[in-house]
Amino acid sequence: MQKIIDKLYNERSLSRDEYLALIKGFSPENAEKLAELARQRAKESYQNKIFIRGLIEISNICKNDCLYCGIRRSNKNADRYRLTKEEILECCDEGYPLGFRTFVMQGGEDSYFNDERVCDIVSNIKRIYPDVAVTLSLGERSYESYKALKEAGADRYLLRHETATCEHYARLHPSELTLGNRIRCLNDLKSLGYQVGCGFMVESPYQTEENLAADLKFIEEFSPEMCGIGPFIPHIDTPFRDEKAGSAELTCYLLSIIRIMKPNILLPATTALGSIAEDGRLKGILSGANVVMPNLSPYSVRKKYSLYNNKLHTGAESAEALDELKRQVASIGYEVVTDKGNYKEI
């Protein structure tokens, strides 16, 4: 095991079988070894800086019916909403004085948010706040759509690949959604010059250790600027309601592997990680994460953007509690900074 860890650190590349051995070798002792190396790697690129992103959940209306997601089309219990342009800009108006220099517009695949509307919102944000980055997380779109959004001023795009194995992907999604199209989207985004984020759920239903090894190899080869991973958490109104949740411990272990593999990647300590474990976000930072995404959405809609059970939206998870977040992060030797937090080439 030590030989594989050394190879990962020195070469930043492993075979799929070596990644599998690393996953099979998960233990508290190995997790601490990897976390220490991951912290070292993160500080080489970003010192002790933790970047904040202001999350704006613009709509919980979605045309898709993914089996794990609480805002899936078939969920008749979801209390649907979509924010207006004015409400989204108000979120930015609140976030900017707090120190947010990246705004993340995330939502279901809602046809209302077509290219014209999203381009108008993005260009207005960039006009009002020319020193901010705009990140979009609005699902699968065409090359032409991604191009238009980029030309309007979007800087980054988050699109989790969910799993790098076709058979597993098919067990998590309806038949009209394919891994091939998801990868096409990621390649289109990269070709257009976005800073691109992929990612996956940890211990999602039917996931095997071999699937996780394939995910790590995909991330190594695709080389995204960002990667979001978090534990699977079931939602009561989905077919996976009775499935077991993923663990914070394995999620942190995988965060460390990704950080060692990609020293300069932007790696969030996700809301799901904070939701599944007390101090989950701090554990993520101590495992190599360097991004957190407090919620800037209007308070009235935060409970409605319910991707999984018991999703955090208050406390240090919220933008209003930024001082508390800064205190928590400082308590483990890191500093929340007012910065766009761009990806650094090495």
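Biologist: Start with the largest pocket. How many nonpolar, polar and charged residues are in its lining?

Modeller: The lining of the largest pocket has 8 nonpolar residues, 3 polar and 4 charged. Keep in mind that this is a predicted model.

Biologist: How is such space found at all?

Modeller: A probe the size of a water molecule is rolled over the atoms, and this shows where empty space is left. Here, the largest pocket holds about 260 Å³ of space.

Biologist: Which residues lie nearest the centre of the largest pocket?

Modeller: Look for Ala-31, Glu-32, Glu-249, Cys-252 and Ser-287. Two elements give two or more residues to the lining: helix 3 (28–46) and helix 10 (248–261).

Biologist: On to helices. What describes two packed helices?

Modeller: Two things do: the angle between their axes, and the distance between the axes. Take helix 3 and helix 10. Their axes come within 8 Å and cross at roughly 45°. That makes the two helices oblique to each other. Helix 3 passes helix 10 in a left-handed crossing.

Biologist: Which residues make the contact between helix 3 and helix 10?

Modeller: On helix 3, the list includes Asn-30, Ala-31, Leu-34 and Leu-37. On helix 10, the residues are Tyr-253, Ser-256, Ile-257, Arg-259 and Ile-260. The contact has 10 nonpolar, 2 polar and 2 charged residues.

Biologist: Zoom in on one residue. Where does Leu-37 lie, and what is Leu-37 in contact with?

Modeller: Leu-37 lies in helix 3. Neighbours within four places in sequence aside, Leu-37 is in contact with Ile-5, Tyr-9 and Ile-260. Leu-37 and Ile-260 are 223 residues apart along the chain, and their C-alpha atoms are separated by 6.8 Å.

Biologist: At what angle do helix 1 and helix 2 pack?

Modeller: Helix 1 (residues 2–11) and helix 2 (residues 16–24) pack at about 120°, with axes 10 Å apart. The pair is therefore oblique. The crossing of helix 1 past helix 2 is left-handed.

Biologist: Which residues of helix 1 and helix 2 make the contact?

Modeller: Helix 1 brings Ile-4, Ile-5, Lys-7 and Leu-8, and helix 2 brings Glu-18, Tyr-19, Ala-21 and Leu-22. By class that contact has 6 nonpolar, no polar and 2 charged residues.

Biologist: One last pair. How do helix 4 and helix 5 lie to each other?

Modeller: The axes of helix 4 (residues 85–98) and helix 5 (residues 115–128) come within 11 Å and cross at roughly 30°. Angles under 35 degrees count as roughly parallel. Helix 4 and helix 5 are therefore roughly parallel to each other. Helix 4 passes helix 5 in a right-handed crossing.

Biologist: What makes up the contact of helix 4 with helix 5?

Modeller: Helix 4 supplies Lys-85, Ile-88, Leu-89 and Cys-92. Helix 5 supplies Asp-120, Ile-121, Asn-124, Ile-125 and Ile-128. The classes are 6 nonpolar, 1 polar and 2 charged.

Terms used. Residues are numbered from 1 along each chain as its sequence is written. This is a predicted model: local features need pLDDT of at least 70, side-chain atom pairs count only at pLDDT 80 or more; totals for chains, interfaces and linings use all residues. Side-chain values use heavy atoms; hydrogens and water are left out. On a 1 Å grid over the protein atoms alone, a cavity is a set of points where a 1.4 Å probe fits but cannot get out, and a pocket is an open set with protein on both sides within 12 Å along at least five of seven lines; lining residues have an atom within 4 Å of a point. Grid points are joined across faces, edges and corners, and a volume is the space filled by probe spheres set on the points. Helices (H or I, at least four residues) and strands (E, at least two) are DSSP runs, numbered from the N terminus. Ala, Val, Leu, Ile, Met, Phe, Trp, Tyr, Cys and Pro count as nonpolar, Asp, Glu, Lys and Arg as charged, and the others, Gly among them, as polar. Axes are lines fitted to C-alpha atoms, for helices over the stretch in contact, and angles run from 0 to 180 degrees between N-to-C directions. Angles under 35 degrees count as roughly parallel, over 145 as roughly antiparallel, 65 to 115 as roughly perpendicular and the rest as oblique. A crossing is left-handed if the near helix is turned anticlockwise from the far one by less than a right angle, and right-handed if clockwise. Contact means heavy atoms within 4.5 Å.
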